[in-house]
Amino acid sequence: MRPTGRLSGILLPLFSLRARDDFGIGDFGAFDGLFDWMEAAHQRLLMLLPLLPTAEGDPSPYATRSAFGLNPLFIHLPSVPEFEESGGFEALSDQERRDLEVARTAPRIRYDLVFRLKGAAALRAFARFEEAHWRQHTSRAREFQTWQADQRDWLETYALYAALSTEQQHRAWWEWPQPLRDREPQALSEVSRRLAREILFREWQQWIAETQWHRVRQAANRRKILLCGDEPFIIGQDSADAWANPRILCRDARLGVPPDAFSATGQDWGLPYFNFSEMQKDDYAWLRFRARKAASYYDVRRVDHAVGYFRQWIRDESTPSGRFIPEDEGEQRKLGEFHFRLLSEDAGIVAEDLGVVPDWVRQTLTGLGLPGYRVLRWERDGHVYRNPRTFPSVSLVTTGTHDTETLREW
């Protein structure tokens with residue numbers, strides 16, 4: 001499905017969609033109740049924050065560990081056959097039960113507990129899968145193998161990186177031993193054999209997550225509810241993609257935004273930046289693949305920091321206060337139009353055009369027929385709010401964003 005006409009919906013982080021049988025964080029098992037409510041309330045669009053894998057020490061969905069795949073924290077373990085077969089919640093130790101109760105009743109997500117509890121429970125379920133299916137070559141194991149082969153282009157790199165990160169005690173990849181840091185073929189081959197089980201575990205988690213997300217999409221489709229994903233502009237420095245693609249995800253400078261009304265010095269995000277010149281050499285293969293994979297998850301997706309596809313604000317040793325790349329406005333316009341034509345191929349997107357954005361950026365997006373953003377609480381002159389009827393007819397209007405307090409708090 002693709003969005004048509006005027007419609008309304010809700011923006012809700014998945015981690016906030018709680019259920020009685022979760023692990024202290026919202027997951028894929030809680031959608032049916034929400035979809036029932038949305039259908040009754042005639043709400044047709046559900047916007048989520050990024051569902052990509054995150055780091056244990058930094059769960060921000062905007063500095064992810066991978067541009068591909070789903071966050072294992074969002075797996076609904078009670079729906080996984082091997083979880084129940086391995087004892088389910090009854091298999092938890094007394095200490096784990098106490099920690100689970102703390103996580104479930106905490107006013108905010110206790111990631112320190114959730115990562116540990118859910119990770120241990122998932123590992124027990126995986127051990128059961130190994131014993132009952134993988135070693136026996138059952139039809140379930142063959143289904144997993146078929147999915148592995150289909151996803152190989154991104155899955156092998158992600159799973160190897162995740163297994164290595166754990167073995168290296170979550171040190172950033174550039175602090176790993178040199179052969180691993182620089183991805184020397186022999187070193188990768190040796191470590192792939194040594195960590196074969198850990199790699200398989202992470203691939204299994206992604207299979208379970210994608211299977212459950214596919215069911216969520218089917219349920220939404222039956223109710224004619226559109227799912228809108230959120231696509232971060234950039235990936236975290238300590239990520240599978242930055243490790244595997246240092247040529248296009250560069251760490252010799254830091255991405256951010258220039259000075260504006262919110263900050264006299266701008267923002268330094270400490271993230272890598274895109275080397276679009278290098279991307280051109282293989283016809284943007286990585287970016288095209290990323291766009292296709294994201295489009296396979298959602299009916300429409302919100303492209304974060306849209307202006308970054310026109311120009312990036314970076315800081316390095318030579319320009320600590322920052323500079324734009326490219327510097328020429330004509331080149332910026334040309335670059336942005338090309339990128340958004342690429343990103344919107346056979347897919348519905350919304351361009352997040354908030355903040356300090358030149359008028360010609362929005363003109364370009366309008367010319368491509370792409371909706372921009374309007375945030376009600378920011379659309380005002382002094383104390384007088386602007387009439388939403390004056391907003392562009394092709395746009396998405398929200399009460400807030402991931403950077404604002406909740407609607408209730410506001």
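Where is Pro326 found? Pro326 sits in the loop between strand 8 (323–325) and helix 13 (329–343), where helices (H or I, at least four residues) and strands (E, at least two) are DSSP runs numbered from the N terminus.

A word on the model comes next. This is a predicted model, in which local features need pLDDT of at least 70 and side-chain atom pairs count only at pLDDT 80 or more, while totals for chains, interfaces and linings use all residues. Residues are numbered from 1 along each chain as its sequence is written, and side-chain values use heavy atoms, with hydrogens and water left out.

Two histidines have backbone angles worth a look. His170, in the loop between helix 6 (152–167) and helix 7 (178–181), has a positive phi near 60° without being a glycine. His305, in the loop between strand 6 (300–303) and strand 7 (312–315), also has a positive phi, about 50°. On accessibility, His170 is partly exposed at 42% relative accessible area, whereas His305 is buried at 11%; buried means under 20%, exposed over 50%, and partly exposed in between (1.4 Å probe, protein chains only).

Then there is the packing. A nonpolar core is a set of buried Ala, Val, Leu, Ile, Met, Phe, Trp, Tyr and Cys residues joined through side-chain atoms within 4.5 Å. The largest one holds 106 residues, and Phe28, Phe31, Phe35, Trp204, Trp213, Trp286 and Phe340 touch the most other members. Helix 9 (residues 196–222) gives the most to this core, with 11 residues. A second, separate core has nine residues, among them Leu226, Cys228, Val300 and Tyr373. Cys228 is buried at 0% relative accessibility, and Cys250 is buried too, at 8%. The structure holds zero disulfides, a disulfide being a pair of cysteine sulfur atoms within 2.5 Å.

Back to Trp286: leaving out residues up to four places away in sequence, its contacts (heavy atoms within 4.5 Å) include Ala67, Phe68, Ile235, Leu249 and Phe274. Strand 4 (residues 249–257) and strand 5 pair in the antiparallel sense over five bridges; two strands pair if DSSP finds at least two bridges between them. Both strands belong to an open, antiparallel sheet of four strands in the order 5-4-7-8. Strand 5 (267–274) and strand 8 are at the edges with a single partner strand each, so one side of each is left without a neighbour in the sheet. Neighbouring strands here are turned by 55° against each other on average, direction ignored, with axes taken as lines fitted to C-alpha atoms (for helices, over the stretch in contact) and angles running from 0 to 180 degrees between N-to-C directions.

Elsewhere, strand 10 and strand 13 pair in the parallel sense over four bridges, with Arg374 opposite Val397 of strand 13. Strand 13 (residues 395–398) has Leu396 and Thr398 on a covered face, and Ser395 and Val397 on an uncovered one. Arg374 also touches Glu379, which, beyond its neighbours within four places in sequence, is in contact with Tyr385, Arg386 and Phe391 as well. Glu379 lies in the loop between strand 10 (372–375) and strand 11 (380–381) and is buried at 15% relative accessibility. The side chains of Glu379 and Arg386 are joined by a polar contact of 2.8 Å (a pair of N or O atoms within 3.5 Å; within protein, one must be able to donate a hydrogen and the other to accept it, and residues adjacent in sequence count only if both atoms are side-chain atoms).
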